[in-house]
Amino acid sequence: MTLRLHDTLTRALRDVAPLQAGHVRMYTCGPTVYARSHIGNFRTFIFEDVLRRWLERRFRVTHVMNLTDVEDKIIRNATAASRDLGEETAPWIDAFFEDLDVLNIRRADHYPRATEYIAQMVELIERLGAAGVTYDTDGSVYYRIAAFPGYGRLSGARAEGLIAGAGGRVDADEYDKESPRDFALWKAVRADEIGWDTPLGRGRPGWHIECSAMSMALLGESFDIHCGGVDNIFPHHENEIAQSEAATGRSFVQTWAHSAHLRIGGDKMAKSLGNFATMPDLVAAGARPSALRYLLGAGAHYRKPVNYTDASLHAAAESVDRFADFRARVDAHAPQDGGQVAADPRITQTREAFEAAMDDDLNLPEAMGAVFTLIRSLNRDLDGGDLGDASHAELVALIAEIDDVLGVLPLVDRERLGESLTADDDAVLARREAARAERDWAESDRLREVLAERGVSVEDTPSGQRWRRS
RNA sequence: GGCGACGUAGCCAAGUGGUAAGGCAGAGGUCUGCAAAACCUCCAUCGUGGGUUCGAUUCCCGCCGUCGCCUCCA
């Protein structure tokens, strides 16, 4: 089977066929570390994580994610606080990695920082200069869009109209550029400003150049997949193509994959709109990381917006529990027939449906639909008995395969492991057990109520009481 | 204004030219001492007006609505 991914450039599904046999090289735009990333950002990072996990089923994957650690807001904050760049960004980089872990997002192979690739950026700008697509103004270097005929292909916009037609929101006189749509490769700075002394003069890099320089340094001049949020299509990725291809004369990226936004209250979640929430915010408010990961990753197809609401988070949590509880039920299986009975065909059918949906542009919501259909079907059987050993083995494997991309079960385990009863609660639970042994239902019910008021829900199962923090 | 996306049950959300997965919520059952969990049953004709077609929710056009990009942005 072949994974097909939607390519923004051609606006069509495209087979993932690595340029190097068996080896997919992917670059994903990472955070600008001037503040804590919000969960809208993590929607994209989870999409990329799911993609990377699915690719790893079949390919060796080299995944690079940049950390933008030099940028206007960072410089502004650092200057205001009299910190150097590294001091300013270190806490936000730490926070980013913490949040990745909380969401069970696999680490990329490389996290290049813009500040560590200044030399490569300068070199790339010099190549562009040699190619005749740049010009200097007062020490700054700009890219001349008019010199790149393919400009605008990715965003599908006619380059001429992009800025000229922006309804007066762009101040065309702000920069000393030949054309408003030209963009800065290198920004000259004064001696007292944060910058680097380079052959280009003292200055700092423009935003777009870092991704071209770092991706080419770590993945080569042509690689397979480049991801980001849809808001990166223009101008960021459009400019990356212009920079990279003008410098190398080669095709930059095979497939451009972009994820839609997370919405809240109908709008895009964004720092600039002030309608954002961070992982620590939500966890402190009681949101479960497993539910957040499910909502962000499987709540909707990655190219469609996801709405963040209390209801959608609750529904995600219920879905996670349904999946996790089913795993627990399967895990409780006791060997019985030594595999004499063949595995249930529904399990294989579900695996095939799951894989087909994932291969079809990473349709995780559809894939999970197949999973839940199987869960209901097998729960029915389990209500009446147990599984055969062969089916059990197949199911254990299937559940592991599903969660290999879904990635919620380790989070559930972590959440439940972190739960504990106070000594008081534990004592109440013991008293209730004793009451039940004497069939004192009134006392049993009263104690269940007591625990409920303390946030502990208790269920009675054939094997005894089972509690859970609610 | 330009470019693009979307509009499926109370909510969320897949999907297909031949009468619509799944999750949440709700109703009624089975089970249970009672609950919970699980299971069973019920709950949509796919924004709107046309067109193409034997047949459209699925293709085309108009309209209405929502959102995104065009400026830093996942």
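## Domains and the RNA-facing surface

Residues 353-417 are 85% helix and 0% strand, and their end C-alpha atoms sit 32 Å apart (helices, H or I, are DSSP runs of at least four residues and strands, E, of at least two, numbered from the N terminus). This is a predicted model, where local features need pLDDT of at least 70 and side-chain atom pairs count only at pLDDT 80 or more, while totals for chains, interfaces and linings use all residues. Residues are numbered from 1 along each chain as its sequence is written, with chains lettered from A and ligands numbered from 1 in the order in which they are written.

An unreviewed UniProt entry annotates 353-417 as "domain: Cysteinyl-tRNA synthetase class Ia DALR"; such annotations may be inferred rather than shown by experiment.

| Domain of chain A | Residues |
|---|---|
| domain 1 | 4-268 |
| domain 2 | 286-417 |
| domain 3 | 423-469 |

Now for RNA strand B. Of the 66 residues around it, Gly-40, Gly-229, Glu-366, Gly-369 and Asn-379 come nearest (near means a C-beta atom, placed from the backbone, within 6 Å). Helix H12 (residues 364-384) gives the most to this surface, with eleven residues.

Methods. Domain bounds come from an automatic or database domain assignment.
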